[in-house]
Amino acid sequence: MTGYESLRKLSQESSLNNLAENKTTVLDKPTNAFLASLYPFMKKQIDNKRHLSVMTILFLFFAWWFVTFIGWANPLFLPSPSAVTQSFVDVAVDGYQGSTLLEHVGTSLYRILTAFFFACLVGIPLGILMGISHSFHQVFNPIIEFYRPLPPLGLYTLLVMWLGIGESSKLALLFLSGLPGIIIATIQAVSDINPNYVRAARSVGAKRWDLIREVYLPGAGPTILTGMRISLGFIYTVLVAAEIVAATAGIGWMIWDAAKFLLSDVVIMGLIVLGVTGMLLDLTLKLFGKIVMPWTAVRKM
Amino acid sequence: MKIMRKALSASLLFALSTSIAQAEVPEEVTVGYLNLVNAQLVTKSLGLVQKEMPGVKINYIKVGGGGDMLRAIAGDQIDFGGLGNPPTAIGVTRDLPITGIMVLNMLDYVEAMAVRTSANIKKLEDLKGKTIAAPFGSTTHYLLLNALADEGIDPASMKIIDLRPNDIALAWSRGDIDAAWFWEPALGKVLNDDGNLFMTSGIMASRGYPTWDVGVVMDRFAEKYPDYVEKFVRAECKGIDYWLNNPADTAKIIAKELELSLEDATRMMKGTEMVPCPKQLTQQYIGETGKKGQFVDTLLSTATFLKDQKRLPKVPTRDTFETFLDASYLETITK
């Protein structure tokens with residue numbers, strides 16, 4: 001999926017959410033006092049259609065449990081939920097090959113967040129400049145368009161040759177996978193700004209820097225944030241690849257190593273941990289957006 | 001609905017393919033071969049499997065190491081494969097549907113630990129604080145940990161990293177690692193680049209840790225086409241005979257297949273021991289039906305070691321490994 005496509009998809013999703021949030025579901029007031037106290041919370045969840053998500057998760061768990069319980073699934077490929085839970089406990093307490101689960105997650109999060117930080121640090125300013133100035137856009141666009149579709153593993157071989165098998169090649173790979181998403185989203189965000197705002201600001205004497213600070217950044221903020229979320233997602237997808245070469249810790253490495261020894265319970269446990277931490281990171285970003293850019297919330301109403 | 005239709009057509013296709021299979025001739029045979037120096041390269045180069053199976057399409061897939069081979073087996077992507085004793089122990093313990101049918105090679109100095117000459121490593125003790133690479137889960141990773149354990153050295157006192165043979169050669173040339181236990185042909189590259197042989201798999205064999213590669217067949221294939229397993233073993237045995245009888249021509253083949261100099265190919269050949277097929281039925285190797293040989297002991301001790309490393313959840317019974325090794329194909333063709 002290209003950056004543009006995923007951007008469009010995300011923004012569609014969020015507008016759908018808005019529609020859903022505006023609809024109110026009629027719920028009969030319960031008589032029981034305890035239930036009544038839960039009512040506002042429940043109502044909000046149901047208005048948000050959260051119960052559907054909960055049901056999806058419950059259904060998936062049930063299907064997983066059922067398939068393994070009946071014996072339809074070869075435990076080598078799909079171990080039971082209890083085996084996966086057991087491996088979670090084992091790795092959390094005893095560790096996997098020298099590091100506990102927390103250390104594996106910590107190592108990976110360090111790599112992800114460092115790469116993400118630098119991707120934002122480079123990507124957002126570059127994107128704004130490319131969005132505002134046509135010349136900038138022409139200078140940098142060929143580079144970004146060229147390397148964006150390259151498969152990460154192909155790129156990785158070269159990075160390992162240049163930077164060695166240590167931490168820097170891993171960080172560089174993650175950084176490069178996160179960069180295009182954020183640049184493209186930022187360009188899009190800046191060029192989507194209503195030109196009347198810019199003219200209005202100019203008419204009261206705003207210089208280029210004032211424009212960036214007062215018009216472009218606040219106006220483009222929400223889309224940039226979406227770009228950051230996409231970028232984090234891309235970094236996440238490349239994590240296992242980045243940790244294949246010469247790592248000794250990290251959740252991606254754990255998954256890769258366990259697969260080598262056919263420890264599918266550890267593989268699935270690692271994937272769940274990876275997925276959950278990814279969701280938590282994404283939630284954090286969304287929350288960050290709500291706090292730093294309250295005007296997005298205003299627009300929703 | 002669409003999924004239903006897909007499932008229906010898939011099952012229909014499956015039914016069709018099974019009815020065709022009653023003719024007991026496979027349409028194609030896929031051989032996964034390890035990227036190392038043994039007679040499989042001769043068999044491949046001379047097209048011996050093809051000669052045994054006229055009309056069948058033969059695919060050869062080069063596989064980097066035991067870990068990848070296990071994945072290929074678990075993913076049902078090959079019909080025949082080759083595995084060292086540690087991946088074999090892993091696969092059998094995890095109930096992979098495979099059967100060992102022959103000895104591909106015994107490992108001598110074709111697998112070895114190279115150390116950087118300028119790093120001045122004279123004994124295992126000197127490795128402390130250094131970075132050592134080995135492909136995890138392979139024969140050499142197994143030997144490295146055993147060699148350290150025998151001298152009472154804590155593996156945590158050095159940095160042992162997981163790299164594939166080709167990546168080891170790359171990391172070596174950059175100076176990222178000081179020692180590595182891996183195999184030819186990548187091993188030759190580092191020996192020419194400030195490297196020297198420190199320890200070989202042959203030395204470890206004499207210390208009671210023999211390592212070897214065994215040819216395996218997928219059970220699904222063996223049940224359906226037992227004749228073709230026999231044909232495969234016959235072809236590989238011819239390759240081994242060719243290797244033993246025509247060393248000079250074999251060296252040329254190896255040099256061509258792996259794009260090596262003739263000199264390197266000759267050296268690597270000497271580091272691998274080929275076992276003539278009749279000899280594979282003796283007690284030192286697979287043994288015979290009803291009385292399996294030392295390979296079973298090696299598999300058991302390998303599994304025990306891996307269990308201690310927490311790489312395996314359990315050690316299977318002796319019986320499991322005896323069942324895994326099937327001498328009948330060798331017995332039929334050497335009769």
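## Confidence in chain A

In this predicted model, confidence within chain A is lowest in helix α1 (residues 3–22), at a mean of 48, and highest in helix α5 (residues 101–132), at 93. The score is pLDDT, the predictor's confidence in each residue, from 0 to 100. Across chain A the mean pLDDT is 83, with 87% of residues at 70 or more. Residues 14–26 of chain A have a pLDDT below 50, and beyond near neighbours in sequence this stretch has 8 contacts in the model. Here, two residues are in contact if their C-beta atoms, placed from the backbone, lie within 7 Å.

A word on conventions: residues are numbered from 1 along each chain as its sequence is written, while chains are lettered from A and ligands numbered from 1 in the order in which they are written. Local features need pLDDT of at least 70 and side-chain atom pairs count only at pLDDT 80 or more, whereas totals for chains, interfaces and linings use all residues.

## The make-up of chain A

Chain A has 13 helices and 0 strands. Helices (H or I, at least four residues) and strands (E, at least two) are DSSP runs, numbered from the N terminus. Of the 301 residues in chain A, 32% count as buried. A residue is buried if 20 or more other C-beta atoms lie within 10 Å of its own, exposed if 12 or fewer, and partly exposed in between, with C-beta atoms placed from the backbone. Looking at chain A contacts between residues at least 6 apart in sequence, 71% join residues at least 24 apart.

## Where the chains meet

Now for the partner chain. The contact takes 15 residues from chain A and 19 residues from chain B. On the chain B side, α4 (66–74), β7 (159–162) and α7 (165–174) are the elements that give two or more residues. By class, that side of chain B has 9 nonpolar, 2 polar and 8 charged residues. Ala, Val, Leu, Ile, Met, Phe, Trp, Tyr, Cys and Pro count as nonpolar, Asp, Glu, Lys and Arg as charged, and the others, Gly among them, as polar.

## Two domains in chain B

Chain B is divided into domain 1 (28–106 + 212–334) and domain 2 (111–206), with bounds that come from an automatic or database domain assignment. The C-alpha centres of these two domains of chain B lie 25 Å apart. Their contact takes 18 residues from domain 1 and 13 residues from domain 2 of chain B.

On the domain 1 side, α4, α5 (85–93), α13 (262–270) and α15 (294–308) of chain B each supply at least two residues. The largest share, 4 residues, comes from α5(B). By class, this side of domain 1 has 9 nonpolar, 8 polar and 1 charged residues.

## A covered strand and a covered helix

How many residues of strand β10 (residues 212–218) of chain B are buried? The count is 7 of its 7. Trp212(B), Val214(B), Val216(B) and Met218(B) are buried on one side, and Asp213(B), Gly215(B) and Val217(B) on the other. Strand β3 (residues 80–84) of chain B runs antiparallel to β10(B), joined by 5 bridges, and Gly82(B) stands opposite Gly215(B). Strand β4 (residues 98–107) of chain B is also antiparallel to β10(B), with 7 bridges; here Asn105(B) stands opposite Asp213(B). Two strands pair if DSSP finds at least two bridges between them.

Helix α11 (residues 226–245) of chain B is mostly covered, with 14 of its 20 residues buried. At 1.5 Å a residue, those 20 residues should span 28 Å, and the end C-alpha atoms of α11(B) are 29 Å apart, which agrees. The expected span is 1.5 Å times one less than the number of residues in the helix.
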